[in-house]
Amino acid sequence: MNLFDVYPINDIIISKAKGSYVWDDKGEQYLDLYGGHAVISIGHTHPHWVQRIEEQLEKIAFYSNSIKIPLQQQVAEKLGKVSGKADYQLFLCNSGAEANENALKLASFHNGRKKIIAFNKSFHGRTSLAVSATDNKNYIAPVNETDNVIFLPFNDETALEKCFAETGKDISSVIIEGIQGVGGINVASNSFLKKIRTLCDEYGAVYIADSVQCGYGRSGKFFSHDFAGVNADIYTMAKGMGNGFPVAGIIIAPHIKPKHFQLGTTFGGNHLACAAALAVLEVMEEEKLMGNAVMIGKYLKDELETIPQLKNVRGRGLMIGFDVPDELKDLKKNLLWKHKIFTGEAKPNVIRLLPSLALKKKDAEHFVESIKEEINNLQSPLEE
Ligand SMILES: Cc1ncc(COP(=O)(O)O)c(C=O)c1O
C-alpha cells in the first residue's frame, strides 16, 4: 500500500529531537524554528514531559469518558490558572479542527442560530464546519459549501458593523485567529477584537477566539486575543497544548451552559493526553516560557527589522512573519539545506517563525547571522 500523497514534503527523515534541535537519520543537526508547525511549545522531548507520559503509560493510557478521569480536572485547574480564565469550563478533544468544530457547534446550540462570520485569509481546519469557515476554496469540497459562513475583510470594523446591522439577529458566532497563521502572520488589531466583543454582546452572538496556532503562550500572552483586553466566549486550542502529543480543547465562558450529549468524544481527554497537557503547563509555568517568548521574540523582531531586504516584519512573541522579495525566493530553501535551519512559510512569499517557546538567545542569534549571510550569498551568487 502507498501513502495518500497530500503534501509536498522535504526529503528528510528526522529520527531524534531535543529542545530546539532535531537530527536526521544521518546524524545531521538542524535548528528547528518551525516547531513542527507551531506544535513544539516547551521544546522537543522535554524530560518532564517524557517522564509524565512514561509514568502515565505504566498506569493506564486510555479509558473512555464514561468514567471519572481526575486528570481532566487537574488540566482544567492548571489551565485556568496559567491562562487566567479560571471561571471557564474545559472540553477536551483531539485536534485544532475538532476544537473549532465543537466551538462553532456549541455556539449554534447556545443561541439557536446558523450564520458564522469568518475573515479573509482565515484558516480554521479541514473538517466540515471548520473548513467552511476557512478562506481557501481549494480546501472546501462541494459537500462543505454552505451559505451559513459570511467572509468579511480582516480588521475592517466598518464591514463588520454593516454586516451586524444587516443580519445581526442571524449571526451565531464570529470566529477569528488573534494572529492569522496560515494566512501569513496577520495580527488582529486590538480595536477590531474589541469591536467583535461589543457587537457580539449587542446582538447575542458568540465570540470564538481560534487560538490553535497563536495561543498557548506563543504570542507572549496565553491567548493572543488577550492583547485587546476583552474576553472571548470560547477559546479553541490545540498545537502547543501537548507539545506533540495530540490533545486539543475548548474553554467556554460560564454563561454558556452544558447540555448532556451536545458534545462528546471517544479519545478526547484520555489519560495519556492529560498527562502530556499537564506536563506542558507545568513546564510553561516553571520555566516562565511566556516571558521567554516575549524576550526572544523582541530580539528576533528587532534584528530582522534591521535587514533592509526583509519587508513588513510582524507578529507577536515567537510567532513572527516577514515578506521575502522575489529575488530572494530561495531563502527558505537555502536556510534549510545550507544552514540546517527549519522555518515555516505562508504563500506566496512569507517566512514564518514558530519555534519552541524555550528558544535560547544563542539560537536566535545564530538564525539572525545565518539569514544575513544567506541574503548576501543570494545577492552576490558569484562570490559563493
Ligand atoms: C488557526 C488554526 N486553526 C485550526 C487549525 C487546525 O488544526 P489541526 O490541524 O490540529 O486540525 C490550524 C492548523 O494549522 C490553525 O493554524
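I looked up Glu-282 and found it in helix 8, residues 271-286 (helices are DSSP runs of H or I with at least four residues, strands are runs of E with at least two, and both are numbered from the N terminus). I noted that the model is predicted, that local features need pLDDT of at least 70 and side-chain atom pairs pLDDT 80 or more, while totals for chains, interfaces and linings use all residues. Residues are numbered from 1 along each chain as its sequence is written, and side-chain values use heavy atoms, with hydrogens and water left out.

Leaving aside neighbours within four places in sequence, I found Glu-282 in contact with His-48, Arg-52 and Lys-78 (contact means heavy atoms within 4.5 Å). Glu-282 and Val-82 are 200 residues apart in sequence, yet I read 9.1 Å between their C-alpha atoms.

Next I turned to helix 6 (residues 157-167) and helix 7 (residues 190-203), which pack at an angle of about 10 degrees with axes 10 Å apart. The two helices are therefore roughly parallel to each other (angles under 35 degrees count as roughly parallel). Among the residues making this contact I listed Leu-160 and Phe-164 of helix 6, and Phe-192, Ile-196 and Leu-199 of helix 7.

I then checked Asn-144, which lies in the loop between helix 5 (128-132) and strand 6 (149-152), and which is buried, with a relative accessible area of 15% (buried means under 20%, exposed over 50%, with a 1.4 Å probe and protein chains only). By contrast, I noted Ile-9 in the segment before strand 1 (14-18), where Ile-9 is exposed at 73% relative accessible area.

Conventions. Axes are lines fitted to C-alpha atoms, for helices over the stretch in contact, and angles run from 0 to 180 degrees between N-to-C directions. Angles under 35 degrees count as roughly parallel, over 145 as roughly antiparallel, 65 to 115 as roughly perpendicular and the rest as oblique.
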